[in-house]
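Keep the viewer open as you read.

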Amino acid sequence: MKSLLRILLVLVGAISVTSLLAQIDRITGKSFATRSEVLARHGMVCTSVPAATQVGLDILKRGGSAVDAAIAANATLGLMEPVSNGLGGDLFAIVYSAKENKLYGINGSGRSPLGLSYEQMKVELEKLRGAKETTESPSPQSSPLGKGGRQSRLVGEAELSTLKIPPLGMLPISVPGTVDAWSELHKKFGKLKLSDDLAPAAKYADEGFPVSELIGFYWHFGPELYKDLPGAFLETYTLDGKGRTPAKGDIFKNPALAKTLRLIGEKGRDAFYKGEIADKIDKFMQENGGFLRKADFEKHSSTWVDPVSTNYRGYDVFELPPNGQGIATLQILNILEGFDLKSMGRNSAETLHVMIEAKKIAWADRAKFYADPEFAKIPLAGLLSKEYAAERRKLIDPNHAAKAVEAGNPKTTQTLTLRREQALRLLAEVANGQDVCWPHRQDAYVPTLDDGDTIYMCTADDEGNMVSLIQSNYRGMGSGIVVPGLGFMFQDRGELFSMEPGHANVYAPGKRPFHTIIPGFVIRDGKPWEAFGVMGGGMQPQGHVQVLTNQIDFGLNVQEAGDASRWQHEGDNEPTGDKMRSGGYVEVESGIPYEIVRDLKKRGHDVRFDVGGYGGYQAIKVEMHDGQRVYIGASESRKDGQAAGY
């Protein structure tokens, strides 16, 4: 009897342990999938906040276009997810026009203050360098203990010898480009009034909304970072005006933002760039040591650009050209096309190795060539050529991880050129015997580009139009600067300028910094196949490659492609001047088996584990069933979002 009792206790214990460790059991699809795809015929919206998704869907049902829905949802995200985006940030988008069967791209990024010269920026940075020690400010979407991000690291005296633009305060602020990009998109593709698109967000801002779990978690780091900066952060972004941020379920209101949104809806983009809002910003900046002026806003404009592409195994993958990093996706895919990934296997050591090595190769070019095309000509044709990819592919050793990778030499007549003032500075340095050819100092200290926080979203309407849109304040909530009465924080995108003379991405007044945010789009056989994106600093091109190869090479559906375990390589060459010398390191999610990790380590990879640093994905795929179009939506399971259609 006692023996039987012991057996029963053992069985009960085993069942209990198994139930604690087991995940859900799906009848269809992959076992790791968190949900099924969302299917709809008439319209689809995918965002990182369910209420924003519903706002976009309501706009579609009212007869709005995919662009109307995107603007409405984006405005709502700026209110509900201020830890990632808002009116004070920049925007990039790819729009598919069904009527024309054509892709349009818009670069809605802002420029540095015209009144802040390189020399003055250098003086301001010298003032900040006086401290004996300081810490890199962690993103509000990064816990100081590393959970959900990375721990800030101490800056040593050797590193202080290199100037860097800080993440907080006035120096990293550039002109916010979002509102003008909305206006340009609306003029070309909108069907409703702009005020109709912005009305739902304004109403939510007045009446309040319950904050979601993950956003509330990130939000609570804000007061520690921003409380001592000039402006209205505490007044705008805390519940008591003293530092209590909203937790999950708390109701948050932003009446100042509601007023700003309604003013833009009624008077258009000029209210922001030429009118009352610009006047308030100018006054505040002058009174508090800022550098932006009304003239910077008056001269701002977005840029319509042609998306660039490469063909990967029959799929035309489109990204936007620099100053963003989208073409890194295309360079990586071109290199990977020379490997039979399908037979190598998803998340095998062999596959992960060549992916990581291809990323390093593209990153070397990204560090050297990607910049504002108004200041530097980028050798796009050479960088994206299959011949160049074939040459660069030879750098991959199948058994050993590269410790250092230099930029290539694309064979093209589009060589990098500098503006006159930069050329004169270089000539002076040459005369003094200085090395000015893409200098990288051993003790260089630069910001971590992988900490950027952003929203990605996509929409599709009943006419077949689609929007792939990404918007960001860069590092978390941004610079910490909030002009009283406006309800939004300014971005800190200017942190991504280099201060190395002669670098393509060196700071200059009126210049766009290197940008990390990238929307993606895929065309197959001349028709739209998928609008997609993965937000998250330097994770973005790596994420784009992973979700695409998950579908194209490994046959995963659009939701599974995002749910599958991800990896991210860091510590690489960067456009801010950093130089990879020891191979960087690879972070992997727990779904990648340890035997694979062990194999990667044998090949020389420094493999680590991290939670929360793998970006945020949304996608809308187009399928035809019995001659009828069906939208297939997916949303990021690591965040609070939703894909929905009708």
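Predicted model: local features only at pLDDT ≥ 70, side-chain atom pairs only at ≥ 80, totals over all residues.

## The overall picture

The chain folds into 22 helices and 19 strands. Of its 646 residues, 61% count as buried. If you take the contacts with a separation of 6 or more, 74% of them are between residues 24 or more positions apart.

## A seven-stranded sheet

Start with the open sheet, where seven strands line up in the order β7-β4-β3-β11-β10-β2-β19 with antiparallel pairing. At its edges stand β7 (303-305) and β19 (642-645); each has a single partner strand, so one side of each has no neighbour in the sheet. From one strand to the next, the twist averages 15 degrees. As background, strands in a sheet pair through backbone hydrogen bonds, and the pairing can be parallel or antiparallel.

Strand β4 (residues 102-108) is joined to β7 by three bridges, and the two run antiparallel. Here Gly-105 stands opposite Val-305 of β7. Helix α5 (residues 178-189) lies across β3 (90-97), β4, β7 and β11 (466-474), and runs at about 15 degrees to β3.

## Just past helix α5

Which loop holds Lys-193? Look between α5 and α6 (194-207). Lys-193 is exposed, because its relative accessible area is 57% and the cut-off for exposed is over 50%. Lys-193 also sits 8.0 Å from Gly-265, C-alpha to C-alpha, although the two are 72 residues apart in sequence.

## A cluster of aromatic rings

The protein has 19 aromatic pairs. One of them is Phe-209 with Phe-252, an edge-to-face pair with 6.0 Å from centre to centre and 80 degrees between the planes. This pair links distant parts of the chain: Phe-209 is in strand β5 (residues 209-210) and Phe-252 is in strand β6 (residues 251-252), 43 residues apart. Both Phe-209 and Phe-252 are buried.

Phe-252 has another ring partner, Tyr-237, with the centres 6.5 Å apart and the planes at 5 degrees. Why does that pair count as stacked? Because planes at 5 degrees fall within the rule for stacking, which asks for under 30 degrees. Tyr-237 comes from helix α9 (residues 233-237) and Phe-252 from strand β6, so this pair ties together parts 15 residues apart in sequence. Tyr-237 and Phe-252 are both buried. Ring pairs join Phe-209, Trp-219, Tyr-226, Phe-233, Tyr-237 and Phe-252 into a cluster.

## A covered helix

Is helix α20 (residues 539-552) mostly covered or mostly open? It's mostly covered, with 14 of its 14 residues buried. Its length checks out too: at 1.5 Å a residue, α20 should span 20 Å, and its end C-alpha atoms are 20 Å apart, which agrees.

Lys-621 lies in strand β17 (residues 616-625). Is this lysine, Lys-621, buried or exposed? Lys-621 is buried, because its relative accessible area is 13% and the cut-off for buried is under 20%. Setting aside neighbours within four places in sequence, Lys-621 is in contact with Trp-529, Glu-530, Gln-551, Val-558, Val-630, Tyr-631 and Ile-632.

Follow the chain on from there and you reach Asp-626, found in the loop between β17 and β18 (628-635). Asp-626 isn't a glycine, yet it has a positive phi of about 55 degrees. With 80% relative accessibility, Asp-626 counts as exposed.

## One more positive phi

You'll find Asn-347 in the loop between α15 (341-344) and α16 (349-369). At 15% relative accessibility, Asn-347 counts as buried, whereas Asp-626 counts as exposed.

Methods
Residues numbered from 1 in each chain as written. Heavy atoms only, no water. Helix = DSSP H or I, 4+ residues; strand = E, 2+ residues; numbered from the N terminus. Buried < 20%, exposed > 50% of the residue type's maximum accessible area, 1.4 Å probe, protein only. Contact = heavy atoms within 4.5 Å. Pairing = 2+ DSSP bridges. Axes fitted to C-alpha atoms, helices over the stretch in contact; angles between N-to-C directions. Expected span 1.5 Å × (residues − 1). Phe/Tyr/Trp six-rings, centres within 6.5 Å; stacked < 30°, edge-to-face > 60°.
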